[in-house]
Structure formats: C-alpha cells, structure tokens
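Please look over the sequence and the 3D structure shown here before reading the notes that come after.

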Amino acid sequence: MSGLLEGKIAIVTGGSKGIGYGIAERFTNEGAKVIICSRNESELSEAASKLSCESYQLDVSDSKGIKSMTEWFSKEHEKLDILVNNAGLIRPGSITDTTEEDWDLQINVNLKGPFLMSNNFLPLMNNGSSILNISSTVGLRSMRGAVAYCASKAGVVNLTKAMALDLAGKIRVNCICPAVVDTPMVAERVSKGNVSRKMLERVQPIGRMGRPEEIAAMALHLCGPEAEWTTGSIITVDGGQTAA
Ligand SMILES: NC(=O)c1ccc[n+]([C@@H]2O[C@H](COP(=O)([O-])OP(=O)(O)OC[C@H]3O[C@@H](n4cnc5c(N)ncnc54)[C@H](OP(=O)(O)O)[C@@H]3O)[C@@H](O)[C@H]2O)c1
C-alpha cells in the first residue's frame, strides 16, 4: 500500500461489514485514521477491533444521534477529511406491496442518512475534503420489486450532483454505483429465497458478483489526492452491467 491517505481522518458509515468494511480496511491500510459507524454494537466493535480503528454506534437516520456524534468528534479530532455515506438497507417490495413503513425506512436510511451526515459534518470539514456517497446501479436504471430502494438510490445520485454544485471549489462530492457485490446484504436476500446466487452472478456481463475491495479501490481513488478535479461524478463499478 502506498500511504495515499496518510494523516487523513475518515468516517465510513455502515463500516461494520460488506462494502463499508472493505472501504474502511483499504483506507486504514493507506494510512487514514478511520471511524466506522453502524447500529449493531457487537458487530461494530468486533469490526473495529479487527481493523484497529475507532467506532461510533449510530443510526444514520437519527439526527439527534448524528448531532451527538459531531460533538464527540470535535472533542476527539481536529477536522474531518473524508466522509463516506455508505450505510444502507433493502426491503424488497413492488409498488403494490410496499408498506409505508418500509418506504419510510429505506428513504430515511438510504437517502436522508447521507443528507443528515453531510449537513451535520460539513462544518467540521476543511476545504479540500471530500464526500463519497454509495448509490447503486438501480439508482440509474431500476429493477423490479424494489420501488423504495430504487427511489432512494436515484435520490442519492442527484443529491450527489446538487451537493457537488453547492460545494464546488471547496469540497468534492462523488458517488459510486455498484452492481451486485458479494456482501451480507446479498447473502440475506439469497437466504430468504428472494433471488438465487446464480441469477445475481449472471446479471453482470463479467459473470460474477463484485468484491467489496473492488468498490474500495474506486473509493480510494475518488477520496484520494489523484482525483482533485473530480466532483459531481457518478461512477459505475458494475462488471459491465450498465453497458447493456
Ligand atoms: N451489496 C450490493 O450488491 C450492493 C449493490 C449496490 C449498492 N449497494 C449499497 O452499498 C451499501 C453497502 O451495502 P452492503 O451490501 O455492504 O450492505 P450490508 O452488508 O448489509 O452492510 C450494511 C452496513 O450498513 C449498516 N447500516 C444499515 N442501516 C444502518 C443505519 N440505519 N445506520 C447506520 N448503519 C446502518 C449495517 O450495520 P447495522 O445493520 O448494524 O446498522 C452494515 O454495517 C448500501 O448503501 C447498499 O445499498 C450494495
């Protein structure tokens, strides 16, 4: 590893597993001081001890919790260099069978979460810092049976662009849209019988799911020193899925 993030402080939401864990691991290996957040305390502290990083128990849809985290952060650290809004969840459901509760949950965590985190942490970020939002290829092209998830992820795409315009010249804001990545989220969908692994492999022309470290490699580029002219960019990392 090349120490590309030496001296930087990063927050990765949803860092206890999956893509967020992969990003936290890569950033740590590149010299950053990383703070991971998620809701489940035991999974969070286990991940933090494996990564030798800090952690903060947080629900990203809870504005009071986020405010307390900013107070904690400003006592412990000087400034924030990188915010990765990765935490997210999926509750499958079509337009006819999605409940209001499932709609609110996905919009609040997947879309309002990145808004609240950015809105509250921006005062602690200096010029030259960067924000990375994790959307999905279904934020660009949709899929059947997941209306609230698709709507939330499309919102993240345009939230990224709007933030990039507001903060241009000060803070860069970019977005990664992964296709199917092999994480606990996908394992849960398979175990519930929503979908088969074979089908999830086949939806990428490359013929396999992505790995968290493959998303982390793009995250490092977008948050690192080699992307200083990149902002408002929506990057697919998708095994060729959106080429079709
Ligand atoms: N895997 C894929 O195929 C795929 C594809 C495209 C986009 N994505 C997106 O990539 C991101 C990560 O997905 P993943 O597959 O790595 O999911 P995952 O394996 O289920 O991990 C999700 C992480 O987010 C945390 N989280 C969930 N709700 C939260 C909340 N309200 N507040 C704080 N943390 C929360 C989880 O911990 P707790 O549950 O303990 O809070 C966990 O750390 C998500 O935004 C997802 O939509 C995933």
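Predicted model: local features only at pLDDT ≥ 70, side-chain atom pairs only at ≥ 80, totals over all residues.

Residues are numbered from 1 along each chain as its sequence is written. The chain has eight helices and seven strands, where helices (H or I, at least four residues) and strands (E, at least two) are DSSP runs numbered from the N terminus.

**Overall build**

- The radius of gyration of the chain, taken over C-alpha atoms, is 17 Å, close to the 18 Å that the globule rule gives for 244 residues, so the chain is as compact as a globular protein of that length.
- The globule rule is 2.2 Å times the number of residues to the power 0.38.
- Along the principal axes, the C-alpha atoms of the chain fill a box of roughly 45 × 35 × 35 Å.
- Of the 244 residues, 45% count as buried; a residue is buried if 20 or more other C-beta atoms lie within 10 Å of its own, exposed if 12 or fewer, and partly exposed in between, with C-beta atoms placed from the backbone.
- Two residues are in contact if their C-beta atoms, placed from the backbone, lie within 7 Å.
- Among contacts between residues at least 6 apart in sequence, 72% join residues at least 24 apart.

**Confidence**

- The mean pLDDT of the chain is 97, and 100% of its residues reach 70 or more; pLDDT is the predictor's confidence in each residue, from 0 to 100.
- Confidence is lowest in helix 6, at a mean of 95, and highest in strand 6 (residues 172-178), at 99.

**Nonpolar cores**

- A nonpolar core is a set of buried Ala, Val, Leu, Ile, Met, Phe, Trp, Tyr and Cys residues joined through C-beta atoms within 7 Å.
- The largest nonpolar core has 57 residues, and those with the most contacts inside it are Ala10, Ile23, Ala24, Val34, Ile36, Val84 and Ala219.
- Helix 8 (residues 212-223) gives the most to this core, with six residues.
- Not counting residues up to four places away in sequence, Val34 touches Ala10, Val12, Ala24, Phe27, Thr28, Leu51 and Cys53.

**Around the ligand**

- There are 30 residues around the ligand, and Gly14, Gly18, Arg39, Asn40 and Gly88 come nearest; a residue counts as near if its C-beta atom, placed from the backbone, lies within 6 Å.
- Helix 1 (18-29), strand 2 (33-38) and helix 6 (184-191) each supply at least two residues of this shell.
- By class, the shell has 14 nonpolar, twelve polar and four charged residues.
- In this count Ala, Val, Leu, Ile, Met, Phe, Trp, Tyr, Cys and Pro are nonpolar, Asp, Glu, Lys and Arg are charged, and the others, Gly among them, are polar.

- Met117 lies in helix 4 (residues 100-121), and Met117 is buried because 25 other C-beta atoms lie within 10 Å.
- Met117 and Ile66 are 51 residues apart in sequence and 6.8 Å apart in space, C-alpha to C-alpha.
- Leaving out residues up to four places away in sequence, Met117 touches Thr13, Val60, Ile66, Leu83 and Asn85.
- Met125 lies in strand 5 and is buried, with 20 other C-beta atoms within 10 Å.
- Residues up to four places away in sequence aside, Met125 touches Lys79, Leu80 and Ile171.
- The C-alpha atoms of Met125 and Ile171, 46 residues apart along the chain, are separated by 8.1 Å.

**Residues in loops**

- Ser52 sits in the loop between helix 2 (41-51) and strand 3 (54-57), and has a positive phi of about 50 degrees although it is not a glycine.
- Ser52 counts as exposed because it has 8 C-beta neighbours inside 10 Å.
- Ser142 is in the loop between strand 5 (125-134) and helix 5 (147-166), and has a positive phi of about 70 degrees although it is not a glycine.
- With 15 C-beta neighbours inside 10 Å, Ser142 counts as partly exposed.
- Val203 is in the loop between helix 7 (197-202) and helix 8, and is partly exposed, with 17 other C-beta atoms within 10 Å.
- Beyond its neighbours within four places in sequence, Val203 is in contact with Ala179, Val180 and Gln241.
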